[in-house]
Amino acid sequence: MFSNGSDDMPRPREFDPDEALDAAMRVFWAKGFAETSYDDLVLGTGVSRKSLYSVFGDKHMLFIAALQRYRAKIVPDLFRALDAENISAEGIRAMLRNFVILADTPRGAIGCFMARTSADVAIQMDDVRSIIDRHWDDLHKRFFNALLRSGYRRDRADELAYFFVGVMQGFLALAHARAGRERMEPFIEEALKALD
């Protein structure tokens, strides 16, 4: 007998891959790579294990996709102020003070996916390390260009950019540890003295 074609037609996907990736990113972000199981990902995305595997592959491949998603979707919004043509030292201060406000909210208390991954066992994987290194390099470049546009000399802008990348790493670790505004605010205010 000839098939009527219905069995040979590819079945439509039962989920939106972008939405599933966003959900997986949130699971990894909250729990870290080592503590996240594939069952956690199934539960967090609402997508079957088979479907996740068919689109994203194993846990490691899904983690890489989630890190790249974070870099493309979340990071630009967090640091958008640094990209403004008319950025000033006061604008940089305002952006960093806004991080304190954000980190003191339920949404912000989860911290930064990149900073969390920097302290996760996953950092030992070469492809993860490469993504994290690019993230911190890009953040340095963002600070450096913002500081140049703010009127700092090139050598001073470079020094300060490295300094503020370190400040962000420390601050975001505090945020993830739920340090509270009373600890985070003095930390940022002391760091901001470097802009004087």
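A residue counts as buried when its relative accessible area is under 20%. Val100 has a relative accessible area of 2% and is therefore buried. This is a predicted model, and Val100 belongs to helix α6, which spans residues 89-103.

Leaving aside residues up to four places away in sequence, Val100 touches Phe171, Arg181, Met184, Glu185 and Ile188. Between Val100 and Arg71 there are 21 Å in space, C-alpha to C-alpha, and the two are 29 residues apart in sequence.

Asp22 sits in helix α1, residues 17-31. With a relative accessible area of 10%, against a limit of 20%, Asp22 is buried.

The side chain of Asp22 takes part in a polar contact of 2.7 Å with the side chain of Arg69. A polar contact of 2.6 Å joins the side chain of Asp22 to that of Lys73. Arg69 and Lys73 are also the residues that Asp22 touches when those up to four places away in sequence are not counted.

## Packing of α4 and α8

Two packed helices are described by the angle between their axes and the distance between the axes. For helix α4 (residues 59-73) and helix α8 (residues 126-149), the axes come within 10 Å and cross at roughly 5°. Angles under 35 degrees count as roughly parallel, so α4 and α8 are roughly parallel to each other.

On the α4 side the contact is made by His60, Phe63, Ile64, Leu67, Gln68 and Arg71. On the α8 side the residues are Asp127, Val128, Ile131, Arg134, His135 and Asp138. By class, the residues of this contact between α4 and α8 divide into 5 nonpolar, 3 polar and 4 charged.

## Aromatic pairs

A pair of aromatic rings is described by the distance of the centres and the angle of the planes. The structure contains 12 aromatic pairs. In one of them, Phe79 and Phe99, the ring centres are 5.3 Å apart and the planes stand at 40°, so the pair is tilted. Phe79 lies in the loop between α5 (75-78) and α6, while Phe99 lies in helix α6; the two are 20 residues apart, and the pair links distant parts of the chain. Both Phe79 and Phe99 are buried.

Phe163 and Phe164 form an edge-to-face pair, with 5.1 Å from centre to centre and 70° between the planes. Phe163 has a relative accessibility of 36% and so counts as partly exposed. Phe164, in contrast, is buried, its relative accessible area being 0%. Elsewhere, ring pairs link Phe28, Trp29, Phe33, Phe63, Tyr70 and Phe113 into a cluster.

## Backbone at Arg178

Most residues other than glycine have a negative phi. Arg178 has a positive phi, near 55°, and is a residue other than glycine.

Arg178 is located in the loop between α9 (154-176) and α10 (181-192). Its relative accessible area is 52%, and a residue counts as exposed over 50%, so Arg178 is exposed.

Terms used: Residues are numbered from 1 along each chain as its sequence is written. This is a predicted model: local features need pLDDT of at least 70, side-chain atom pairs count only at pLDDT 80 or more; totals for chains, interfaces and linings use all residues. Side-chain values use heavy atoms; hydrogens and water are left out. Helices (H or I, at least four residues) and strands (E, at least two) are DSSP runs, numbered from the N terminus. Buried means under 20% relative accessible area, exposed over 50%, partly exposed in between (1.4 Å probe, protein chains only). A polar contact is a pair of N or O atoms within 3.5 Å; within protein, one must be able to donate a hydrogen and the other to accept it, and residues adjacent in sequence count only if both atoms are side-chain atoms. Contact means heavy atoms within 4.5 Å. Axes are lines fitted to C-alpha atoms, for helices over the stretch in contact, and angles run from 0 to 180 degrees between N-to-C directions. Angles under 35 degrees count as roughly parallel, over 145 as roughly antiparallel, 65 to 115 as roughly perpendicular and the rest as oblique. Ala, Val, Leu, Ile, Met, Phe, Trp, Tyr, Cys and Pro count as nonpolar, Asp, Glu, Lys and Arg as charged, and the others, Gly among them, as polar. Rings of Phe, Tyr and Trp (its six-membered ring) pair if their centres lie within 6.5 Å; planes under 30 degrees apart count as stacked, over 60 as edge-to-face and the rest as tilted.
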